[in-house]
Amino acid sequence: MTLPVWIALLLCVVVNSALAKSLYPHLQCRDPGVGHGNDQVGDRKFLILSGRGGGIGNYLVFYPAAYYFAALTGRDLVVIDNSLIAEMCRVVQCGFPLYSEMQAAYPALLEAGEQPGYRWLKVWDFRRHLWNERLVADRVAYADGYKFSSGWYAEHNYSAWCVQQLSGCRTGDVSCEDRHAFQQLVRGPFKRDAESFFKYLSGVPANFKRAMLSLPHAMAPRLDAAVHLRCQFRHFEYLVGPQDSLWPQHQKEIQDFLQSDDFNAGEQLFKEIARRLTEEVQAIVARRRAHRQQQQQQRRQRRLRLDIAAENATAAATEAQSELDRFAGDAQSDRVYVYLASDNDQVKEAFAAYLVNHANLTVMRVRTGQHIAHAKDLGWLRSESAGVFTLVADWYALSLANLVVAWRPRTSRPPA
């Protein structure tokens with residue numbers, strides 16, 4: 001490329017930047033993950049990530065919407081200390097500081113206290129600011145939401161261009177844009193000594209577990225796939241534990257689910273997810289040796305035996321050998337690595353046994369020996385030795401998977 005062409009391109013960038021500032025003085029284009037430049041204080045503005053009282057997934061799925069509002073308005077992102085995202089950031093390294101840390105650094109800009117009385121912003125407020133209908137003049141505000149709201153800026157040309165510049169994604173590729181936002185929030189590795197969490201991960205070689213816990217997220221090994229089973233049993237939603245009188249009743253609910261003939265439970269559900277999973281990983285299996293492909297097809301045709309204890313016993317022997325193996329990260333390996341997450345430990349273990357016995361899969365998951373509790377039961381989670389690691393590890397591993405198959409009840413559609 002000749003020098004005149006370079007000069008012409010540079011002039012175009014300068015002119016476009018100047019034109020954008022004149023047309024959109026209420027907007028900026030700055031990645032919150034790269035800091036605030038040379039300005040130490042000046043007109044610094046903040047957007048606070050909050051969220052408590054629901055599941056951590058509710059706040060994580062909303063987070064990209066808040067991230068890009070901060071990016072488009074030149075705000076620094078901070079995490080309020082009493083939120084579920086803050087609980088996550090105490091376990092794994094995050095890219096944004098806690099509110100208390102930022103307040104200690106800038107006491108003249110930020111009020112002290114657990115929940116200062118700043119304005120709460122919803123996606124509707126983001127949009128009105130974007131279109132210059134009602135500007136958010138507040139120096140500090142909360143991002144308030146718990147639903148998927150990604151791509152809310154897509155119809156605004158300057159904002160779509162800005163997001164493309166920051167994320168490197170094609171215009172309209174919301175999944176890619178969200179991935180960039182999450183990479184700025186969850187940096188990894190896990191903060192505590194990896195050995196303290198090591199014992200809670202099972203099903204895969206030791207070096208794979210150590211790498212996931214001790215390396216930054218960008219350098220951690222990727223999983224071929226992950227499955228998320230959202231059972232939503234009543235005891236989980238109502239925070240019922242083994243010490244409660246209703247526990248036997250809810251144990252019956254679990255067993256009824258596992259033994260059900262319904263297409264959306266038990267055997268039929270397991271078969272459908274396994275079928276979908278194995279179909280999706282054909283690109284992986286195609287690279288494996290031919291005789292292993294044949295074994296894969298034969299095992300997929302077997303039916304689930306309803307004797308869960310027998311399934312678990314057979315799977316235990318297989319997994320014991322898997323954990324003695326060494327993960328090589330070799331594309332020619334005959335193993336497919338899958339992470340399994342669920343809100344019920346008994347369903348998770350039953351499905352893990354099914355996958356281990358009926359397909360050439362290595363199944364990684366968290367096992368603590370305790371029932372799985374909702375994030376709303378934060379007091380109980382904190383009282384356990386694993387703490388919120390059980391929640392964080394599931395979401396962290398899901399983000400490391402190249403493919404995610406998700407299911408929840410009360411739907412007539414197959415898992416997607």
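Are Tyr67 and Phe96 buried or exposed?

1. Tyr67 is buried, and Phe96 is buried too. Buried here is under 20% relative accessible area, exposed over 50%, partly exposed in between (1.4 Å probe, protein chains only).

2. A word on the basis. This is a predicted model, where local features need pLDDT of at least 70, side-chain atom pairs count only at pLDDT 80 or more, and totals for chains, interfaces and linings use all residues. Residues are numbered from 1 along each chain as its sequence is written, and side-chain values use heavy atoms, with hydrogens and water left out.

3. The structure holds 25 aromatic pairs. Rings of Phe, Tyr and Trp (its six-membered ring) pair if their centres lie within 6.5 Å; planes under 30 degrees apart are stacked, over 60 edge-to-face, the rest tilted. Tyr67 and Phe96 make a tilted pair, 6.4 Å centre to centre with 50° between the planes. Tyr67 lies in helix α2 (residues 56-73), Phe96 in the loop between β3 (92-94) and α4 (99-105), 29 residues apart. Helices (H or I, at least four residues) and strands (E, at least two) are DSSP runs, numbered from the N terminus.

4. Ring pairs join a cluster whose members include Tyr67, Phe96, Phe126, Trp152 and Phe182.

5. Four strands form an open sheet in the order β2-β1-β5-β4, with parallel pairing. β2 (75-79) and β4 (119-121) are the edges; each has a single partner strand, so one side of each lacks a neighbour in the sheet. Strands pair if DSSP finds at least two bridges between them.

6. β1 (residues 45-49) and β5 (residues 140-143) pair in the parallel sense over 4 bridges. Leu49 stands opposite Ala143 in β5.
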